[in-house]
Amino acid sequence: MYAIVDIETTGGHASANGITEIAIFIYDGSQIVQQYESLINPGVPIPRYIQSLTGITDDMVASAPKFADVAGEVFALLKDNIFVAHNVNFDYSFLQYHLLQAGYDLRTKKLCTVRLGRKIVPGLPSYSLGNLCRSLQINVAHRHRAAGDAAATVRLFGLYLSLDSNNAISAALKTTSKEQFLPTNLPPDQMKSLPANPGVYYFHDQKGKVIYVGKARNIKKRVNSHFTGNNPSRQRQEFLRNIHSISHEVTGTELMANILESVEIKRLWPKYNKSQKNIEFKYGFYTFEDQLGYLRLVIERRRKYTMPLHSFPLLVQGHTMLKGLIREFDLCPRLCFLQKGDGACKPLTGHKCKGACEKKETPEYYNLRVRAAIIHMQKAQPSYLIVDAGRDAEEQSCILMEKGRFYGMGYIPRETAITEEMNVKEWLTQYPDNEYILNLIHQFAGANNSRLLKFS
C-alpha cells in the first residue's frame, strides 16, 4: 500500500513550525481504499502570507485538534505503508518530527513524485505540482489545500505506475537505493559518478553558484553523509532544497584536500560554510624606510593582501623574536617600536645600542644590520617539499613550504626525480596561505618526517 500524503504548515521547517492541515490517502495502485483529512491547530499564529496562499485562517483552526491528539491515528495510517509525497522530504521531515514529539517513531520507505517525474516523464519544463499536473492534464481542485494536493498526487502517482516501463519506482524502493534520501533537485547520476578518492566537493544552487565547499578522504562517502537522517532544522531543510548539482576536484592526499578546501572557502565565500570565514588577526614582521632613511622593523597585525617577512599567531611570540634580533644584530629598540618617545633608547639586557635613535649612527651602517637581521630571520624558517601520493599511479603530489610560508602544491610525474636543483615551482599551482593551512602543514610535517625533502 502507498500512503499518499500532503500537509500544510505555518513555515518551512519542522522544529519551529506547526501543521495546519493533513491529508492521507491509502492507495493500492489502482484505487483509494482509505482516506483521512483534518485541519490541525498548530498552536501558533499562521503567518498572513500563508493564510493568503492556503486560505487556512487562525479562526478555521481554532477549534481543530492539535497534532498530538491525532498523532496515533496518523501513525497507524503511515507506519506500514510506503510514504509518497510531492517533495517527500519536506512532508516526511515534518511528520516524523511532530510524531516523535508525540511519542511515535516513524520509519518508512519514501517515494518522491518530483524525483520520479524526472525519470518517468522527463523533459518537462517544470516539476512543481501545479505545473506538472498542467503538463500532464491532471485536474487539481483546491490547490494548496492538503486534500486537493494529495488527490492530485494520487492521480499523478497512478499515471507514473502505468508509464513506468523502466521500473524507476521499484528501483527507488530497493534497500540499496539512496535516492529517497537525496535532495529533491539533485540528479542521482551526479551522486553515482562521485569518486571514492580524497578531494574537495562543491554544492551548487539553481544558478550554479557554489553554496557549500567540503573536503573529504572519500568524496562519495562524505557527500552521502550530508543526506542521511531527517534533521528538521530550518537551516538544514533550506540547505537541502537549494542543492541542485555537485562538482568535485580529486586531490592526491587528504592533506591537499584540507588545504584546497580552506583556499576555496576564502575565495568563494559559500553561503552555508561557517568555519574559516573569519579574518585571521595574526601578526607579522614588516619593514619600511622612515623619512630619515632608517629601515624600521615593526610588528603589526597582518592585513589582507599584505605579505609580512614572517608571521605568528601570538604577539608575545613576535616580541620574543624581535628582542632576540635586537640583541644579536645591535638594533635599536626605539627604531623597532619596542620603546616610545624621543632621544636615546634604553638598551635591553645583554645589548648595546650604537646610537641610531640619536642619529649618532648613519642610516647606511644601521640598515646593513637590519638587512642582515631580516636575512637571518628568513633563513631560520624552513623550506621543504612534502612528497606523497598522486591522484593516480603515474604521478606524485608535492606541497612546497618556502622559508616558513606555504607556496603552493601540485603534481609531478612519478618517474621524475625531485632534487633541490630542479625548478619544482614549474609543476605547482601557487595558492594564498593562512594560519589554518600553515598549522595543517606544520602538524603533518612534524609527524611525517620521512615524506619531507628539505632544502638548504
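Figure 1. V44 has a relative accessibility of 40%, and because buried means under 20% and exposed means over 50%, V44 counts as partly exposed. The model shown here and in the other views is predicted. V44 sits in the loop between strand 3 (32-39) and helix 1. Leaving aside neighbours within four places in sequence, V44 is in contact with T10 and D58. T20 lies 24 residues from V44 in sequence, and the C-alpha atoms of the two are 9.7 Å apart in space.

**Figure 2. The largest pocket and its lining.** The space in the largest pocket comes to about 1000 Å³. Its lining is made up of 34 residues, of which H86, N87, F90, R143 and R241 are the closest to the pocket centre. Strand 1 (2-9), helix 1 (48-54), helix 4 (88-101), helix 5 (113-120) and helix 11 (234-241) are the elements that give two or more residues to this lining. By residue class, the lining divides into 17 polar, 10 nonpolar and seven charged residues.

**Figure 3. N258 in helix 12.** N258 is found in helix 12, which covers residues 254-268. Is N258 buried or exposed? The relative accessible area of N258 is 12%, so this residue is buried; the cut-off for buried is under 20%. With neighbours within four places in sequence left aside, N258 is in contact with K215, Y436 and L440. The domain assignment places residues 188-268 in domain 2 and residues 384-454 in domain 4.

Figure 4. D330 is found in the loop between helix 13 (315-329) and helix 14 (363-379). D330 is not a glycine, yet its phi is positive, at about 50°. With 23% relative accessibility, D330 counts as partly exposed. K359 also lies in the loop between helix 13 and helix 14. Phi of K359 is near 65°, again a positive value in a residue other than glycine.

**Figure 5. S383 in strand 12.** S383 is found in strand 12, which covers residues 383-389. Its relative accessibility is 15%, so S383 counts as buried. Not counting residues up to four places away in sequence, S383 touches M401, E402, K403, K454 and F455. S383 and L453 are 70 residues apart in sequence, while their C-alpha atoms are 8.8 Å apart in space.

**Figure 6. Domains of the chain.** The domain assignment gives domain 1 (2-179), domain 2 (188-268), domain 3 (283-380) and domain 4 (384-454). Taken over C-alpha atoms, the centres of domain 1 and domain 3 are separated by 70 Å.

Key
Residues numbered from 1 in each chain as written. Predicted model: local features only at pLDDT ≥ 70, side-chain atom pairs only at ≥ 80, totals over all residues. Heavy atoms only, no water. Domains from an automatic or database assignment. 1 Å grid on protein atoms, 1.4 Å probe; cavity = no way out; pocket = protein on both sides within 12 Å on 5 of 7 lines; lining within 4 Å. Points joined across faces, edges and corners; volume = space filled by probe spheres on them. Helix = DSSP H or I, 4+ residues; strand = E, 2+ residues; numbered from the N terminus. Nonpolar A, V, L, I, M, F, W, Y, C, P; charged D, E, K, R; others polar. Buried < 20%, exposed > 50% of the residue type's maximum accessible area, 1.4 Å probe, protein only. Contact = heavy atoms within 4.5 Å.
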